[in-house]
Amino acid sequence: MSDATGASLPAEWDDDERMNFMFSDFNENRDVNTTDWDSKMDFWTALIVKGCRDRGSVCVSLQELNKTFRRKERSPLGLATVIRSMARCGKIQRESDFAANVDCGWLYWGVGLLLVKPLKWTFSTLLGSQRVPVDASFVVIELVKEKASELLKVYRSSGLAGRSVLSFQELCTLSSDVCADESTLCMVLLQLQRDKQVTVSLHDGEKIVKFCQAGQNNVSPLSDVDMGIYQLQRSEKLLGERVEKLGVEADKCKEEARTHLREGKKSQALRSLKGCKRVEKRADGLFAKLESIRGILDRIAQSQTDKMVMQAYQAGVSALRLSLKDVTVERAESLVDQIQELCDTQDEVNQTLSSGVTGADEDMDELEEELKSLLDESKPDSVSSYPQVPTGGLRIPGEPSPAGTDVLSSLPAVPCRPLDITAEQLEEELNQLTLTDLGFQQKKMTSPAKRCEPAQ
């Protein structure tokens with residue numbers, strides 16, 4: 001049912017009625033039916049971007065689209081209109097325009113990657129032609145930005161992250177899982193250079209790529225120092241490969257010497273052994289040179305670290321100088337004196353307030369004492385001259401007091417109110433006291449048994 005190849009197709013691809021509408025051409029005037037026009041445009045735009053992403057490509061052409069979305073021996077009729085619409089919206093861009101927007105020396109070595117037909121279409125567009133060449137290549141901006149981000153992430157997580165300058169071949173090997181081919185890698189590098197994350201140049205016929213290092217916002221231009229470091233790193237790699245190769249050759253000579261010796265061919269064994277010694281001597285010489293190069297690279301790395309530290313120190317000194325611009329020792333001493341003076345003033349105020357409160361308390365105590373003395377003086381002297389009222393029970397001399405008998409408890413209460421009683425009242429109370437006393441005497445006389453009882 002479907003002839004489309006290399007693309008993940010939507011579920012509605014098998015709906016003949018729906019696909020007949022999608023495969024039809026666009027109306028020349030969008031205003032006739034904006035809903036159908038926009039629906040068809042959105043369908044093909046999303047499908048083109050998804051198809052390129054599934055293939056791992058960032059470029060597309062009308063010829064590829066006609067082949068990819070072929071269905072029942074038919075190709076969509078409106079793909080050219082979709083291409084023009086996406087170009088107007090900035091979703092795709094001609095390869096020639098995409099490369100021309102980057103200020104670099106790509107024309108020296110990257111012009112072979114750009115097709116001639118897009119350039120011809122540029123001239124035809126200026127002359128008023130709206131036809132899209134079938135083999136014109138376009139860059140999908142969304143996809144090339146995704147690939148650029150992935151390549152930058154792969155580089156910074158690889159073992160080559162410590163090297164800022166790489167050859168194009170090394171980068172091709174590194175990006176094999178990100179970029180499907182060399183053309184895709186070139187488009188990705190163009191995007192990274194537009195983002196100021198890499199710079200590309202040609203040195204002695206070799207393509208060189210310099211990456212932005214960690215902590216930097218933009219990549220710096222390729223300098224002589226960078227090229228010197230790159231040549232040292234390249235020499236280190238070549239010497240390492242030669243030393244490894246000579247080591248393998250020396251092992252081979254030793255093995256041949258052992259074989260000849262076992263076969264009894266002593267002269268041939270000696271020749272093999274001499275050859276082994278020569279190879280080992282060459283390997284030792286190359287290894288010494290390799291160690292020298294490694295030492296130089298270590299010193300360069302250390303110097304770069306020192307330079308970074310010096311720059312940090314310089315920035316710190318500048319910031320400190322700026323922050324201490326209006327600060328002097330005299331001003332600091334003056335501020336300290338003012339603070340000390342204010343603290344002394346505050347202590348004096350607190351002392352004054354606390355002493356005022358203490359004096360008020362002392363005056364209040366003196367007033368209380370004086371008031372107490374006045375109260376003592378106001379008491380009548382007659383009250384203080386009265387005899388003390390006995391509190392014990394009354395008992396007759398020579399006789400024990402009856403148990404449980406308390407004479408005082410039977411007496412009336414002592415009046416506490418002022419003596420404002422009349423003479424008649426005093427006479428009546430005296431008679432009552434006399435009668436009470438006589439009753440007491442009679443009771444005492446009517447107890448002969450207790451009176452005649454011998455004393456114990």
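## Close-up views of a predicted protein model

**View 1. Lys 72 lies in the loop between H3 and H4.** Welcome to this predicted model, in which local features need pLDDT of at least 70, side-chain atom pairs count only at pLDDT 80 or more, and totals for chains, interfaces and linings use all residues. Residues are numbered from 1 along each chain as its sequence is written, and side-chain values use heavy atoms, with hydrogens and water left out. Helices (H or I, at least four residues) and strands (E, at least two) are DSSP runs numbered from the N terminus. The phi of Lys 72 is positive, about 50°, although this residue is not a glycine. Most residues other than glycine have a negative phi. Lys 72 is partly exposed because its relative accessible area is 38% (buried is under 20%, exposed over 50%, partly exposed in between, with a 1.4 Å probe and protein chains only).

**View 2. Lys 196 sits in the loop between H10 and strand E5 (198-203).** Here again is a residue other than glycine with a positive phi, this one near 60°. With a relative accessible area of 48%, Lys 196 is partly exposed.

**View 3. Helix H4 (residues 79-89) has buried residues along its length, from Leu 79 to Met 86.** Between those two, the buried set also holds Thr 81, Val 82, Ile 83 and Ser 85. What covers them? The cover includes H2, helix H3 (62-68), strand E2 (92-94) and strand E3 (137-140). Just after H4 comes Gly 90, which takes a positive phi of about 85°.

**View 4. H2 and H4 pack with their axes 10 Å apart, at an angle of about 80°.** H2 and H4 are therefore roughly perpendicular to each other (65 to 115 degrees; under 35 is roughly parallel, over 145 roughly antiparallel, the rest oblique). The axes are lines fitted to C-alpha atoms, for helices over the stretch in contact, with angles from 0 to 180 degrees between N-to-C directions. From H2, the contact (heavy atoms within 4.5 Å) takes in Trp 37, Met 41, Trp 44, Thr 45, Ile 48 and Val 49. H4 brings Leu 79, Thr 81, Val 82, Ser 85 and Met 86 to this contact. By class, eight of the residues are nonpolar, three are polar and none is charged.

**View 5. Helix H8 (residues 141-156) crosses helix H10 (residues 182-194) at roughly 85°, and their axes come within 9 Å.** That angle makes H8 roughly perpendicular to H10. On the H8 side, look for Val 144, Lys 145, Lys 147, Ala 148 and Leu 151. They meet Leu 185, Met 187, Val 188, Leu 189, Gln 191 and Leu 192 of H10. How many of these residues are charged? Two are charged, while eight are nonpolar and one is polar.

**View 6. Ser 57 has its place in the loop between helix H2 (34-55) and strand E1 (59-61).** Is Ser 57 buried or exposed? Ser 57 counts as buried, because its relative accessibility is 18%. Leaving aside residues up to four places away in sequence, Ser 57 touches Cys 52 and Leu 143.

**View 7. Stepping back, the protein chain has 17 helices and six strands.** Of its 456 residues, 27% count as buried. Among contacts between residues at least 6 apart in sequence, 63% join residues at least 24 apart.

Methods:
Nonpolar A, V, L, I, M, F, W, Y, C, P; charged D, E, K, R; others polar.
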